[in-house]
Amino acid sequence: MVDSGGLWTPPEDELGEALQTAQVLIEEGRADEAGPYQQRVIELARERAEGSPNHYEAKHLMAATQYELAGSLNASGRHEEALVALHEAQLGYTELQDAGVLDATSFLADIRARRAMTQAHRGHGATAVLEMDGAVIAYGQLVGGADGLKHQPDFARVLAMNALILRRYGDPALAVASADAATQLFLQLADQINESPQSLSYARYLCTATAVSADVHAAEGRLDLALEADEIGLTTADTLADSDSPTDMRTLVAALVRKGKHLGIVGRLEGEACLRTAYDTDGETAVRVVEELDRGLPLTLVAALENAEIKLGPFEQYHRLLALSEPAPGMTLATVSGRTDPESAAVRATELAELVRPLLMQDADAGLTLGLEAHYLFAISSERESHRMRYQTSTYVPIWAQLLLDVSAAYYQAGRTEMALDLGGWCAEVATALIPFTDDNETMKDLAGSCYRHHGDLLAAAGDLTASHHAHEAAQQLQLGG
């Protein structure tokens, strides 16, 4: 929902009508239909802003509507356009913050969260995890501040989104911690949320959180907790289905399937009735959810480390790496960055990276899990500008680059081209940090060139020949520069 932050009042004219129509469609779960109205709001607001450079109300409306437009574009499957809209929203909010007009912290955190969901829709899961990690941390700081109560519902929303991303592309143990925290917070805030104009949107995120909770608890054999989450999710989804939104009806069917499957596991006959109702209501959605549940979950960090010890034999860093499954002091373990502090992150990432190449040859799933976890820790240490990543670049960045090269190639060989391309992009970006060390170091030069070429090959395979040419040209120039 577009939030004015108190800067403006919707006008009684075409702009106001378009804005109201878009917001109603979003609340009704029909975001894919809201795009044209949002585009018109942006056009009209831009006209007003161009007529007055200090028309901050119009600029805020533009930024807020670009953010909402990204959601509508995602609902229509237009993810690349959604990323462009989010970039415009970020520029707008940053301008307003720099002008001292508003504190854009929560708005920028929301942009990171929506960008994470957009990247996940594209299959770029590694980038999605890291973007969402940043959003959760930002909201965690907001709820600990002077206006913390105001931000709690949105903190729960972002935790639910984080859980969904981690269930697909991260550690299920982190996913369920985030989902359970979101569910608990939503329930605590029920009275406040029910009075909010965004109550339906929050209810949808509660369903997201309970679905992740149920999936992970059931997979780990905690059927009592899974069924508890199922009941909350089904009750909420049943209420949402009164909206007549196809999206909300699919959510209800998914909740019925989950509860039916989990009741069946514990031998309760009413599970068959849940499944029958689900298939009768929307057989296509029911089949999709069953297939998703049957695929299971990614390996947890703990399971991957255990597999590594079995396949590679005992290794000295095992217990230090196992400690990453417990939260760092002062942290809650619902994000990758909660595993350890930024300085230690680079060290633990290096220790994980040592295992990845030999493990990929014996246990690809475990190798990819540890590779992703190492990448996440390197990226977090870099974003937080740790001393090691800033001043010991020549030590840690080559390890990170080689890790990305190996893991991206392994994803490509496994047929997971979107993840391969995502990590290939990171590989090229990290290689850029190696450039200052390539003049007198052939190993660094070869590694950077390999990163650029690998990214170029992936871009070519994806059909982006122009970008592929630029990547290969960068590799060639690097070689000639020596």
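How many aromatic pairs does the structure hold? In this predicted model, the structure holds five aromatic pairs.

## Aromatic cluster

A pair of aromatic rings is described by the distance of the centres and the angle of the planes. F378 and W400 form a stacked pair, with 5.7 Å centre to centre and 20° between the planes. This pair joins distant parts of the chain: F378 belongs to helix 18, W400 belongs to helix 20 (residues 393–413), and the two are 22 residues apart. F378 is buried because its relative accessible area is 0%, under the 20% limit. W400, at 5% relative accessibility, is buried too.

W400 also pairs with W426; this pair is tilted, with 6.3 Å centre to centre and 40° between the planes. F378, W400 and W426 form one aromatic cluster.

## Packing of helices 18 and 21

Two packed helices are described by the angle between their axes and the distance between the axes. Helix 18 (residues 364–383) packs with helix 21 (residues 417–432) at an angle of about 35°, and their axes are 13 Å apart. The crossing of these two helices is left-handed.

On the helix 18 side, the contact is made by L372, H375 and A379. On the helix 21 side, M419, L423 and W426 take part. By class, the contact has five nonpolar residues and one polar residue, with no charged residues.

Is T369 buried or exposed? T369, which is found in helix 18, has a relative accessible area of 12% and is therefore buried, since buried means under 20%. Leaving aside residues up to four places away in sequence, T369 touches L299, T300 and A304.

T277 lies in helix 13 (residues 270–281). With a relative accessible area of 39%, T277 is partly exposed, because this value falls between the 20% limit for buried and the 50% limit for exposed. The C-alpha atoms of T277 and Q90 are separated by 44 Å, and the two residues are 187 residues apart along the chain.

## A charge over a ring

R114 lies over the face of Y67, at 4.1 Å from the ring centre.

Definitions and conventions: Residues are numbered from 1 along each chain as its sequence is written. This is a predicted model: local features need pLDDT of at least 70, side-chain atom pairs count only at pLDDT 80 or more; totals for chains, interfaces and linings use all residues. Side-chain values use heavy atoms; hydrogens and water are left out. Helices (H or I, at least four residues) and strands (E, at least two) are DSSP runs, numbered from the N terminus. Buried means under 20% relative accessible area, exposed over 50%, partly exposed in between (1.4 Å probe, protein chains only). Axes are lines fitted to C-alpha atoms, for helices over the stretch in contact, and angles run from 0 to 180 degrees between N-to-C directions. A crossing is left-handed if the near helix is turned anticlockwise from the far one by less than a right angle, and right-handed if clockwise. Contact means heavy atoms within 4.5 Å. Ala, Val, Leu, Ile, Met, Phe, Trp, Tyr, Cys and Pro count as nonpolar, Asp, Glu, Lys and Arg as charged, and the others, Gly among them, as polar. Rings of Phe, Tyr and Trp (its six-membered ring) pair if their centres lie within 6.5 Å; planes under 30 degrees apart count as stacked, over 60 as edge-to-face and the rest as tilted. A charge sits over a ring if NZ of Lys or CZ of Arg is within 6 Å of the ring centre and within 35 degrees of the ring normal.
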